[in-house]
Amino acid sequence: MNRTAMRASQKDFENSMNQVKLLKKDPGNEVKLKLYALYKQATEGPCNMPKPGVFDLINKAKWDAWNALGSLPKEAARQNYVDLVSSLSPSLESSSQVEPGTDRKSTGFETLVVTSEDGITKIMFNRPKKKNAINTEMYHEIMRALKAASKDDSIITVLTGNGDYYSSGNDLTNFTDIPPGGVEEKAKNNAVLLREFVGCFIDFPKPLIAVVNGPAVGISVTLLGLFDAVYASDRATFHTPFSHLGQSPEGCSSYTFPKIMSPAKATEMLIFGKKLTAGEACAQGLVTEVFPDSTFQKEVWTRLKAFAKLPPNALRISKEVIRKREREKLHAVNAEECNVLQGRWLSDECTNAVVNFLSRKSKL
Ligand SMILES: CCCCCC/C=C/C(=O)SCCNC(=O)CCNC(=O)[C@H](O)C(C)(C)COP(=O)(O)OP(=O)(O)OC[C@H]1O[C@@H](n2cnc3c(N)ncnc32)[C@H](O)[C@@H]1OP(=O)(O)O
């Protein structure tokens, strides 16, 4: 049947609204914005609300979507809404199945899969559809998982990503839910969270290994300077586009990167945003060893299992000896980086970069 030739009844429209509530699989922000706009147009007609301010990102995106429908008649908007919801039905049908690599809850975490086996606690970022971008919940869960791993009976702790990315770094939607105190309060809260988050890596007492299964961006790269070993697939890339985003380095990278790779090489990455291949990152000391993607998991896990058989106290004590002179310095660097970033997040440069990404005008 040609649905576009039909006119959806009020009943069809209401059924579709109920169907949307039952969607278990997130249809993505773009579709959600379309649904919102069509709903408003179908129920209230053309947008005549005042345009929200540039910092009110979510409401501005909604307003833009609604306003873009111009003078589309209510009946046509209702029909388009019904059609759009019916096009989402495959996700309704498949939502009860557990697909590999979906954002499913596991072992008490929403954004991670945490397992402990063979003396290894594995903390896996598990938002593969969002390229493992780290949202606020994930920051908190990683801290919780690290604190638990520091006390459990595992010997080493591993961070890795589910899906094709290791992590695309900070989830840029973290900048959108503005609290009553406005953007200043948001920036302050983010700085407090970031400082505590990076502090957990500085203080982590057991050997901490990154298994970088694919591209890494932003904070997922800078933190690598605080790991004890970094193994990478040859598919991995390392990208810190802070200047492009109007931001500045974090994760203690302003201190660790120049030490690891020389000040000039660190400048290319942290200031000019040069993306490194796994081979380049290894040559510059950020990555310990690179493996062909086809054998990466097998080779790395065989090695890690052997490490986890070593005497645990010797591992911990050796890490402590290597790291303890640096700890105070690292906390000071972390505090300063977070302070600087708090200011950056309020800048037009940063706001424009985030708005451009969220409105699909730019990608890295
Ligand atoms: C408490 C705050 C602490 C802040 C600490 C400071 C940290 C700084 C950083 O980490 S800076 C780095 C920030 N990251 C980025 O700028 C990456 C942005 N993402 C991209 O440019 C691209 O998504 C990509 C190059 C990583 C991948 O491109 P592509 O392969 O074409 O995939 P998609 O873009 O279609 O992505 C799929 C899906 O994921 C969403 N997504 C990916 N990365 C992020 C992200 N970092 N933040 C939010 N959302 C992200 C993307 O929007 C798509 O969503 P959709 O399917 O459209 O709903």
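Q: What counts as a salt bridge here, and how many does a search of the whole structure find?

A: A salt bridge is a side-chain nitrogen of Lys or Arg within 4 Å of a carboxyl oxygen of Asp or Glu. Keep in mind that you're looking at a predicted model. Searching the whole structure turns up 16 salt bridges.

Q: How do I read the interface of domain 1 and domain 2, and what area do they bury between them?

A: The size of an interface is often given as the accessible area lost when the parts come together. Here domain 1 and domain 2 bury about 850 Å² between them, and 67% of that is on carbon and sulfur atoms. On the domain 1 side, N29, F55 and L57 lose the most area to domain 2, together making up 60% of what that side buries. As for contacts, seven residues of domain 1 touch 11 residues of domain 2.

Q: How many salt bridges cross that interface?

A: The rule finds zero salt bridges there. Residue pairs in polar contact between the two domains also come to zero, with both residues required to be at pLDDT 80 or more. On the side of domain 1 that touches domain 2, the elements giving two or more residues are α2 (29-44) and α3 (57-67). That side divides into four nonpolar residues, one polar and two charged.

Q: Last one: how do I read a sheet, and in what order do the three strands of the open sheet come?

A: Go strand by strand. The order is β5-β7-β8, with mixed pairing. β5 (216-217) and β8 (276-277) stand at the edges with a single partner strand each, so one side of each has no neighbour in the sheet. β5 and β7 (residues 237-239) run parallel and are joined by two bridges. For A216, the bridge partner in β7 is F238.

Note on methods
Residues are numbered from 1 along each chain as its sequence is written. This is a predicted model: local features need pLDDT of at least 70, side-chain atom pairs count only at pLDDT 80 or more; totals for chains, interfaces and linings use all residues. Side-chain values use heavy atoms; hydrogens and water are left out. Two strands pair if DSSP finds at least two bridges between them. Helices (H or I, at least four residues) and strands (E, at least two) are DSSP runs, numbered from the N terminus. Contact means heavy atoms within 4.5 Å. Buried area is the accessible area (1.4 Å probe) that two parts lose on being put together, summed over both. A polar contact is a pair of N or O atoms within 3.5 Å; within protein, one must be able to donate a hydrogen and the other to accept it, and residues adjacent in sequence count only if both atoms are side-chain atoms. Ala, Val, Leu, Ile, Met, Phe, Trp, Tyr, Cys and Pro count as nonpolar, Asp, Glu, Lys and Arg as charged, and the others, Gly among them, as polar.
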